[in-house]
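Subject: Structure handover

Hi,

Here is the structure for you to look over. My notes on it follow below.

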Amino acid sequence: MTGLWGVRPRWRTDVLGDFFCPGCGGDRNYRRQHGRRWLRLLGTPVLPLGPVIGSVQCTTCHGRYGVQSLEQLTSVRLSAMLRDAQYTVALAVLAAGGTGGRSAREAACAVVKDAGFEDCGEAQVLAALAALSGLGGELHQAHGLADGLAVELHAALEPLTPHLAQQGRERLLLQGAWIALADGRYLPQEREALTEVGRCLGLGEEQVGTLLEAATRAAH
């Protein structure tokens, strides 16, 4: 007779969306649901017993996960944020060192294209710098990056940093270093910009210094 009775939740969907499914190991659709436990007779709910904790269900594997799983970036979103971060670092370092050196411009464009902006050439990079430098102002100010670039740098890097491994954060900094070294040694303002990049990426000044020196040795 005990098989006649059972307790199971009854779910209602609140939100549909995309997430990185821990079970599938990739981007999938999800249902965010809340529910209530019911006493069931022959599978039919007859008596509500109380709420259950909300959860997320993958529509592919039907696994059920805590709502904190939505904090994990989807692969598509992570790729887009990483692409924007590489682009912004390239602009910031090029702005710090000045756009007069052809080698630095070419190095910046190579980083931008490697990020996924394959159709972005020198003209587009210089136009973006001009737009971000403010009302005809300098690309680099005496006290640091021009306001537009500084804002873009923090906006692009800080939300991404918690989702990157140490190696990924270091690579972003090193890409900026390669641009700075393309036309010679680091200028003081380039070091300043790279230190700011490191700060946004959660890298300490000592770490940044070690990585910059390593990039210098590799360049010679």
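I start with Arg-199, which is partly exposed because its relative accessibility is 45%. Please keep in mind that this is a predicted model.

Salt bridges

Arg-199 pairs with Glu-205 in a salt bridge, with the closest N and O atoms 3.9 Å apart. Glu-205 has a relative accessible area of 59%, so Glu-205 counts as exposed. The cut-off for exposed is over 50%. A network of salt bridges links Glu-196, Arg-199 and Glu-205.

In total, the count of salt bridges is six. Another one of them joins the side chains of Arg-105 and Glu-122, at 2.9 Å from N to O. Arg-105 belongs to helix H2 and Glu-122 to helix H3, so this pair ties together parts 17 residues apart in sequence. Are the two partners buried or exposed, or partly exposed? Arg-105 is buried, because its relative accessibility is 15%. Glu-122 is partly exposed, at 25% relative accessibility.

Arg-171 and Asp-114 also meet through their side chains in a salt bridge, at 3.9 Å from N to O. Here Arg-171 sits in helix H5 and Asp-114 in helix H2, so the pair ties together parts that are 57 residues apart in sequence. Arg-171 has a relative accessible area of 44%, which means partly exposed. In general, side chains of opposite charge can pair when their charged atoms come close.

The H1 and H2 pair

How do H1 and H2 cross, and within what distance do their axes come? The axes come within 8 Å and cross at roughly 170°. That angle is over 145 degrees, so H1 is roughly antiparallel to H2. On the H1 side, the residues that meet H2 are Arg-83, Gln-86, Tyr-87, Ala-90 and Leu-94. On the H2 side, they are Ala-104, Arg-105, Ala-108, Val-111, Val-112, Asp-114 and Ala-115. Two of these names have come up already: Arg-105 bridges to Glu-122, and Asp-114 bridges to Arg-171.

The cores

The largest nonpolar core holds 43 residues. Which of its members touch the most others? They are Val-125, Leu-157, Tyr-186 and Leu-194. Seven helices each supply at least two residues of this core: H1 (75–97), H2 (102–115), H3 (122–132), H4 (147–157), H5 (166–181), H6 (188–200) and H7 (205–219). H1 gives the most, with 10 residues.

Take Tyr-186 as a place to look in the viewer. Leaving out residues up to four places away in sequence, Tyr-186 touches Ala-177, Ala-180, Leu-181, Arg-191, Leu-194, Leu-212, Ala-215 and Thr-216. A second core of six residues is separate, and its members include Phe-19, Cys-21, Tyr-30 and Val-56. As a general point, nonpolar side chains tend to be buried together in soluble globular proteins.

Gln-57

Gln-57 lies in strand E3, which covers residues 44–58. Gln-57 counts as buried because its relative accessibility is 13%, and the cut-off for buried is under 20%. Where does its side chain reach? The side chain of Gln-57 reaches the backbone oxygen of His-62, at 3.5 Å. Neighbours within four places in sequence aside, Gln-57 contacts Asn-29, Tyr-30, Arg-31, Gln-33, His-62, Gly-63 and Arg-64. Of these, Tyr-30 is also a member of the second core.

Best wishes

Notes: Residues are numbered from 1 along each chain as its sequence is written. This is a predicted model: local features need pLDDT of at least 70, side-chain atom pairs count only at pLDDT 80 or more; totals for chains, interfaces and linings use all residues. Side-chain values use heavy atoms; hydrogens and water are left out. A nonpolar core is a set of buried Ala, Val, Leu, Ile, Met, Phe, Trp, Tyr and Cys residues joined through side-chain atoms within 4.5 Å. Buried means under 20% relative accessible area, exposed over 50%, partly exposed in between (1.4 Å probe, protein chains only). Helices (H or I, at least four residues) and strands (E, at least two) are DSSP runs, numbered from the N terminus. Contact means heavy atoms within 4.5 Å. A polar contact is a pair of N or O atoms within 3.5 Å; within protein, one must be able to donate a hydrogen and the other to accept it, and residues adjacent in sequence count only if both atoms are side-chain atoms. A salt bridge is a side-chain nitrogen of Lys or Arg within 4 Å of a carboxyl oxygen of Asp or Glu. Axes are lines fitted to C-alpha atoms, for helices over the stretch in contact, and angles run from 0 to 180 degrees between N-to-C directions. Angles under 35 degrees count as roughly parallel, over 145 as roughly antiparallel, 65 to 115 as roughly perpendicular and the rest as oblique.
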